[in-house]
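Hello,

I am passing a structure on to you. Please open it alongside this email; my notes follow below.

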Amino acid sequence: MQDIRLAIFDWDGTLMDSVGRIVACVQGAARDCELAVPAPAQIRQIIGLSLDVAMSRLFPLSSGSAFDERQIAALIDRYRHHYLHDATPSPLFSGAGELLHDWRSRGLQLAVATGKSRRGLDRVLDETGLHPLFVTSRGADEARSKPDPLMLEQILAELGLSPRQAVMIGDSVHDMAMAEAIAMPRIGVTWGVDSRDALGRHGPVAVVDSMAALRALL
């Protein structure tokens with residue numbers, strides 16, 4: 001991967017160990033809205049999607065029609081409330097900060113493409129002190145939800161790069177499918193939501209099991 005100039009990271013489940021917190025907050029939102037509480041495995045399948053798409057998939061009406069905008073908005077509001085107050089730890093994965101600092105010091109540009117909102121992304125970037133390392137980022141409210149590749153296309157256009165000059169790094173099939181749609185090289189990581197086999201179906205250049213293995217690729 002000698003020609004790579006930009007590494008684009010997913011956030012939740014890739015850099016931050018936040019899957020448990022997301023599961024708890026979705027379940028809390030369901031209880032607040034007096035809906036059936038989805039199982040953790042169901043919630044893991046929607047992590048990485050924008051909240052409106054995720055909630056629509058998790059909470060369809062019994063008739064099969066989608067929730068209306070008011071109902072989706074209520075779920076999102078309660079999810080955000082819980083995310084601000086939930087005590088479930090969500091640290092960076094071990095070695096994530098060191099990897100980012102190392103790659104940046106060697107001249108590789110870094111970016112984030114996430115299912116978080118802009119407000120949510122800026123909050124965690126500031127909390128972790130990582131904001132200065134990233135040259136740009138896109139949240140779910142600034143593009144279409146993964147696996148649509150629009151947020152990747154926006155990042156590439158902003159930086160004047162082609163898809164072959166960047167690599168997408170993520171833990172979900174949504175990340176892999178998004179990059180696959182524009183023939184961008186992609187690396188799957190197995191410490192998040194999806195398995196090695198699931199990630200491998202989208203033709204990644206590698207699927208890695210540790211931050212050290214990821215660091216060695218670039």
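In which strand is Thr 136 found? Thr 136 is found in strand E3. One caution before the rest: this is a predicted model.

Six strands form an open sheet. Their order is E3-E2-E1-E4-E5-E6, and the pairing is parallel. Strand E3 (136–138) and strand E6 (206–208) stand at the edges. Each has a single partner strand, so one side of each is left without a neighbour in the sheet. From one strand to the next, the twist averages 20°.

Now the pairs.

- E1 and E2 run parallel and are joined by four bridges. Leu 6 stands opposite Gln 109 in E2.
- E2 and E3 pair over three bridges, again in the parallel sense. Ala 111 has Thr 136 in E3 as its bridge partner. From E2, the chain crosses through helix H6 (residues 118–128) to E3. This β-α-β crossover is right-handed.
- Strand E4 (residues 166–170) and strand E5 (residues 186–189) run parallel, with three bridges between them. Here Gly 170 stands opposite Gly 188 in E5.

Two helices deserve a look. Helix H7 (residues 150–159) packs on the sheet. H7 touches strand E1 (6–9), strand E2 (109–113), E3 and E4. Its direction makes about 160° with that of E3. Helix H8 (residues 173–180) lies across E2, E4 and E5. H8 runs at about 160° to E4. As for E2, this strand is mostly covered: four of its five residues are buried.

Back to Thr 136. Is this residue buried or exposed? Thr 136 counts as buried, because its relative accessibility is 9% and the cut-off for buried is under 20%.

What does Thr 136 touch, leaving aside its neighbours within four places in sequence? The contacts are Leu 110, Ala 111, Val 112, Ile 155, Glu 158 and Leu 159. With Glu 158, there is a polar contact of 2.8 Å between the side chains. The side chains of Thr 136 and Arg 138 also make a polar contact, at 3.3 Å.

Then look at Glu 158, joined to Thr 136 by a side-chain polar contact.

Best wishes

Notes. Residues are numbered from 1 along each chain as its sequence is written. This is a predicted model: local features need pLDDT of at least 70, side-chain atom pairs count only at pLDDT 80 or more; totals for chains, interfaces and linings use all residues. Side-chain values use heavy atoms; hydrogens and water are left out. Two strands pair if DSSP finds at least two bridges between them. Axes are lines fitted to C-alpha atoms, for helices over the stretch in contact, and angles run from 0 to 180 degrees between N-to-C directions. Contact means heavy atoms within 4.5 Å. Buried means under 20% relative accessible area, exposed over 50%, partly exposed in between (1.4 Å probe, protein chains only). A crossover is right-handed if, with the strands pointing away from the viewer, the path from the first strand over the helix to the second runs clockwise. A polar contact is a pair of N or O atoms within 3.5 Å; within protein, one must be able to donate a hydrogen and the other to accept it, and residues adjacent in sequence count only if both atoms are side-chain atoms.
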